[in-house]
Amino acid sequence: MSAQDVVLEARGVTRSFGAEVAVEDLDLTVRAGEVHALVGLNGAGKTTLMRLLLGMLRCDSGTTCLRDGDAGLVDVRRLRPPAWASVGHLVETPFTYAELTVLETVRCAARLHGLTAAEAGPASQQIIGALALDHWSGRRTGTLSLGNRQRVGLASAMVHRPGLLVLDEPSNALDPAGVLVVRREILDAAGRGAAVLVSSHHLDEVARIADRITVLHRGQVVGTLPPDGADLERAFFAMVYGAEADGHLELPGDPAGPRRT
Amino acid sequence: MRAALAVETLKLRRATAPRVAGLAVVLGVPTVTTGFIAAAEAAPTSQLALKVAPMLVGEGWEAQLAMVGQILSVAMLLSAGVVAAWVYGREHVDGTIGGLYAVPVRRREVAVAKAVVLVAWGVLVLLATLAVSLAAGAALGHGGLDDAATVALGRAVLVGLLTVLLALPVGTAAHLLRGYLPGIGVLLAVVVVTQVVTVAGAGAWFPYAAPGMWAGMGGPELAEAVLPVQLALPAPVALGGVLLAAGWSERAEVR
C-alpha cells in the first residue's frame, strides 16, 4: 500500500462538545480497495469521527482530507462540491423520506449524488435489486420495517457506486439475510477498488469483512485488532481495559461467560 | 440546482402536509367568505354581521373578492407558514439532514430549491382558491365582473403572492431552530406581533401587516393609506430569509 492509495484521512483530529472530548488527536487512513473497520463501545467517538471525515462537523484542531483526483488529499472543508460525487455514506439515520416510495427515495439519493435523471432510474433499480428490496420498491418508506429502511439507506448510499463508502453500523436492525446481503455489497465495493470505512459493535461481523480493525475508546485510537485473530472479543476488551487509567471499566457481566469456561 | 429542484418538488408533491394545508385554503377561504357575506345579509343586526361589516366593501363580486383578499392575508400566511416550517424543519426532525452533506449538490442549492417549490405551491394554491371563489360567486349569480370587482381580484392576487413570500422566513426560522415545531412557534408569534403592531398604529411598516391592511383588514381608509414601498417590503424580507437559510445551510453542523 502506498500513500497514493489513501482516499480518506484524519490528521490529528480533535473535537469536543462542551467539556466532553469526543475525538482527541486522532489519526486514521482509509485506502482504496480495503475495508477499514472502527470498533468501540457506545460513545467511543465512531460516529463523531465519521461526521468529521464527511464535513458534517468541524474539527477543533487537525484536519480531515478526502482524495480529489489529481489534487490529492484535500481538506474536506475546502473540497470542490463535485468531488463529493465519489462518496456514499450512511451515518446514523437512513436517508429515507416517509412519503416517498423506495424507488423514489433511491432515485432522489442518486440525483443528489450527481447522477443525471436518465442515469438515476437504472442505477436505482440495480441497487434495489442487489439489496433485495424489489418487493418493496413501490412501497412508501414510512410503511417499512426498521430493517428495510436501513436497507433503503444503504441503497441510497451505494446507488452511484462510490469510490468511498462511510457506513456507521450498516447492519443495524438487519435480519440475518440482510446482514449477508450488506456484507456481500461491502465486499463487492471494496473488490472493485472502493475504500470502505465501516463502524460496528459486532466483532464477528467485522472480522468477516475487514482488512484492518481500529479500536476506538474515549475518542482515541487505542490499538488495532487482527481480522483473522482468535477471540477478538477478549482482545478487544483487553485493549479497552488497558486504555483506562486504572485498568478498570464498569461493564455488565457476560451471561454467556460461565458456559464458555 | 436542477437535481435539488427535482428532489424537493417530488417530496412536496408526495407529502400529506402541503396537500392538507393547501386544501384548507382552497376550500376554506371561499367557504368562509361566502358564509360571512351570506350571514351578514341574512341577519344584518347579528353579532357576526356587526363584526363582518367593517370588512365589507361594495356588494356582489366586489364584496366577495375584497373579502377573499382579506382572509387570504391571514389564511395563506398560516397555511404557507406551516408548510414552510415543515419543508425546512423536517430534515432536522427526521434526521435526513445528514444525507444532504457530503454530496455534490450544495446545501445552499437545496435551501433555495425548497423556497422555489414553496412559492410554486403557494401560487398554485392561490390560483385554485381564486378559481373556487369565482365559481362560488358565479353560482351565487353575481353576473359579470365589473371594474371594481376586477380591481378587488387583482388586489387578492397580489395579497396572496405577498403572503406566500412572507411565509418563507418562517421556513428559515424552522431551519435555524432545527425543527418544524419551533418554526410554527415563530409563525404564531409573527401573527400575534402583527396584530399588536397593527393596533399600535404602525402596521403598514411591519411587512407582515402591510398586505392585510392593504386588503382592507383595517377598513378602507387604512387600506388607502398603505404606501407602495410598504407593500413592497415582503419581497426583501423573503429574499433575506432565503439567503439566510442558504448561507446557514453551508455553515451549519449536523447535530
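Analyst: Gladly! A:Glu99 and B:Arg90 are both buried; that label means under 20% relative accessible area, while exposed means over 50% and partly exposed lies in between (1.4 Å probe, protein chains only). Before we go on, this is a predicted model, where local features need pLDDT of at least 70, side-chain atom pairs count only at pLDDT 80 or more, and totals for chains, interfaces and linings use all residues. Residues are numbered from 1 along each chain as its sequence is written, chains are lettered from A and ligands numbered from 1 in the order written, and side-chain values use heavy atoms, with hydrogens and water left out.

User: What makes A:Glu99 and B:Arg90 a salt bridge?

Analyst: The closest N and O atoms of A:Glu99 and B:Arg90 are 2.8 Å apart. A salt bridge needs a side-chain nitrogen of Lys or Arg within 4 Å of a carboxyl oxygen of Asp or Glu, so this pair qualifies. A:Glu99 sits in the loop between β6 (87-90) and α2 (102-112) of chain A and B:Arg90 in helix α4 of chain B, so the bridge joins two chains. Helices (H or I, at least four residues) and strands (E, at least two) are DSSP runs, numbered from the N terminus.

User: How do you know that A:Arg15 forms a salt bridge with B:Glu253?

Analyst: Their closest N and O atoms are 2.6 Å apart, which meets the cut-off. A:Arg15 also bridges to A:Asp60, with closest N and O atoms 4.0 Å apart.

User: Why is A:Arg15 called buried?

Analyst: Its relative accessibility is 9%. That value falls under the cut-off for buried, so the label holds.

User: How do you know the size of the interface between chain B and chain A?

Analyst: The size of an interface is often given as the accessible area lost when the parts come together. Here buried area is what two parts lose on being put together (1.4 Å probe), summed over both. For chain B and chain A that comes to about 2,400 Å², with 61% of it on carbon and sulfur atoms. B:Ala102, B:Pro104 and B:Glu253 supply 26% of the area that chain B buries against chain A, more than any other three residues.

User: What is in contact across that interface, and how many salt bridges are there?

Analyst: Contact means heavy atoms within 4.5 Å, and by that rule 27 residues of chain B touch 29 residues of chain A. There are three salt bridges between the two chains. On the side of chain B that touches chain A, the elements giving two or more residues are α1 (2-14) and α4 (60-94) of chain B. The most comes from α1(B), with seven residues. By class, this side of chain B has 13 nonpolar, four polar and ten charged residues; Ala, Val, Leu, Ile, Met, Phe, Trp, Tyr, Cys and Pro count as nonpolar, Asp, Glu, Lys and Arg as charged, and the others, Gly among them, as polar.

User: What makes α2(A) mostly covered?

Analyst: Nine of its eleven residues are buried, among them A:Val102, A:Val106 and A:Leu112. The buried residues of α2(A) pack against α3 (117-130) and α4 of chain A, together with α1 of chain B. A:Gly114 follows α2(A) and has a positive phi, near 105 degrees.

User: A:Arg151 and A:Asp175 form a salt bridge; which parts of chain A does the pair tie together?

Analyst: The closest N and O atoms of A:Arg151 and A:Asp175 are 3.5 Å apart. A:Arg151 lies in helix α4 (residues 146-158) and A:Asp175 in the loop between β7 (164-168) and α5 (176-191), so parts 24 residues apart in sequence are tied together. A:Arg151 is buried at 8% relative accessibility, whereas A:Asp175, at 39%, is partly exposed.

User: Why is B:Phe206 called partly exposed, while A:Asp68 is called buried?

Analyst: A:Asp68 has 9%, so it counts as buried. B:Phe206 is found in the loop between α7 (180-200) and α8 (210-215) of chain B. A:Asp68 is in the loop between β4 (61-67) and β5 (73-75) of chain A. Leaving aside neighbours within four places in sequence, A:Asp68 is in contact with A:Val74, A:Leu79, A:Arg80 and A:Ala83.
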